[in-house]
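Q: Can you walk me through this one? I'd like the overall picture and then a few residues.

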Amino acid sequence: MRVLLDEDIPIRLRLHFKAEVTVETVEYRGWKGFRNGALLRVAQEEFDVLVTMDNSLPDQQPIGLFDLGVAILPPSSRTLEDLEALVPVLERHLPEIRPGDVVRITSSR
């Protein structure tokens with residue numbers, strides 16, 4: 001599974017995923033500042049899932065036209081500690097996320 005963390009996600013979160021999940025960041029890739037459509041276009045070539053806190057992304061972009069899924073973390077969980085707690089929940093959902101899917105991750109799932 002190849003996961004890309006959007007620029008709104010703290011880059012240190014990548015260290016909290018299991019070893020079998022390949023995690024990179026938008027910043028590491030040099031894609032920081034890309035508009036959502038451009039980011040989705042380049043990301044679909046190398047990643048399975050984009051993880052973001054941009055709750056409005058599905059309203060702004062036709063996710064179903066891209067060859068990757070999107071996982072949305074709650075924008076209220078901005079601290080690294082809060083986001084770390086969501087990583088196991090996200091990892092449970094990763095195998096189910098298909099291209100064009102949008103999955104909202106919450107601590108209650």
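**Surface and overall layout**

Q: How much accessible surface does the protein have, and what share belongs to carbon and sulfur atoms?
A: This is a predicted model. The accessible surface of the protein is about 5900 Å², and carbon and sulfur atoms hold 47% of that.

Q: What share of the residues count as buried?
A: Of the 109 residues, 45% count as buried.

Q: And what does the radius of gyration say?
A: The protein has 12 Å, which agrees with a compact globule, because a globule with 109 residues would have a radius of gyration near 13 Å. The C-alpha trace spans about 30 × 25 × 25 Å along its principal axes.

Q: How many positive and negative side chains are there?
A: There are 13 positive and 18 negative side chains. The centres of the two sets lie 1 Å apart.

Q: OK, secondary structure. Which pattern does the protein follow?
A: Along the sequence it reads β-β-α-α-β-α-β-α-β. That gives four helices and five strands.

Q: What share of the contacts comes from residues 24 or more positions apart?
A: Among contacts with a separation of 6 or more, 52% come from residues 24 or more positions apart.

Q: Let's go to the strands. Which strands pair with β3?
A: Strand β1, residues 2–5, runs parallel to β3 and is joined to it by three bridges. Strand β4, residues 69–72, also pairs with β3 in the parallel sense, over four bridges.

Q: Are the two faces of β3 covered or open?
A: Both faces are covered. V49 and V51 are buried on one side, while L50 and T52 are buried on the other.

Q: Why does V23 count as buried?
A: V23 has 15% relative accessibility, and buried means under 20%.

Q: How far is V23 from F47?
A: Their C-alpha atoms are separated by 9.1 Å, and the two residues are 24 residues apart along the chain.

Q: What about the loops? Where is Q44, and is it buried or exposed?
A: Q44 sits in the loop between α2 (36–43) and β3. Q44 counts as buried because its relative accessibility is 19%, and the cut-off is under 20%.

Q: Which residues does Q44 touch?
A: Not counting residues up to four places away in sequence, Q44 touches L65, F66, D67 and L68. Q44 and L4 are 40 residues apart in sequence, and their C-alpha atoms are 9.8 Å apart in space.

Q: Last one. Where is P74, and what is it in contact with?
A: P74 is in the loop between β4 and α4 (80–93). Leaving aside neighbours within four places in sequence, P74 is in contact with M53, L86 and I105.

How values were computed. Residues are numbered from 1 along each chain as its sequence is written. This is a predicted model: local features need pLDDT of at least 70, side-chain atom pairs count only at pLDDT 80 or more; totals for chains, interfaces and linings use all residues. Side-chain values use heavy atoms; hydrogens and water are left out. Buried means under 20% relative accessible area, exposed over 50%, partly exposed in between (1.4 Å probe, protein chains only). Two strands pair if DSSP finds at least two bridges between them. The radius of gyration is taken over C-alpha atoms; the globule rule is 2.2 Å times the number of residues to the power 0.38. Contact means heavy atoms within 4.5 Å. Accessible areas come from the Shrake-Rupley method with a 1.4 Å probe; for residues, only the protein chains shown count as cover. Lys and Arg count as positive and Asp and Glu as negative; His and the chain ends are not counted. The place of a charge is taken as NZ of Lys, CZ of Arg, CG of Asp or CD of Glu.
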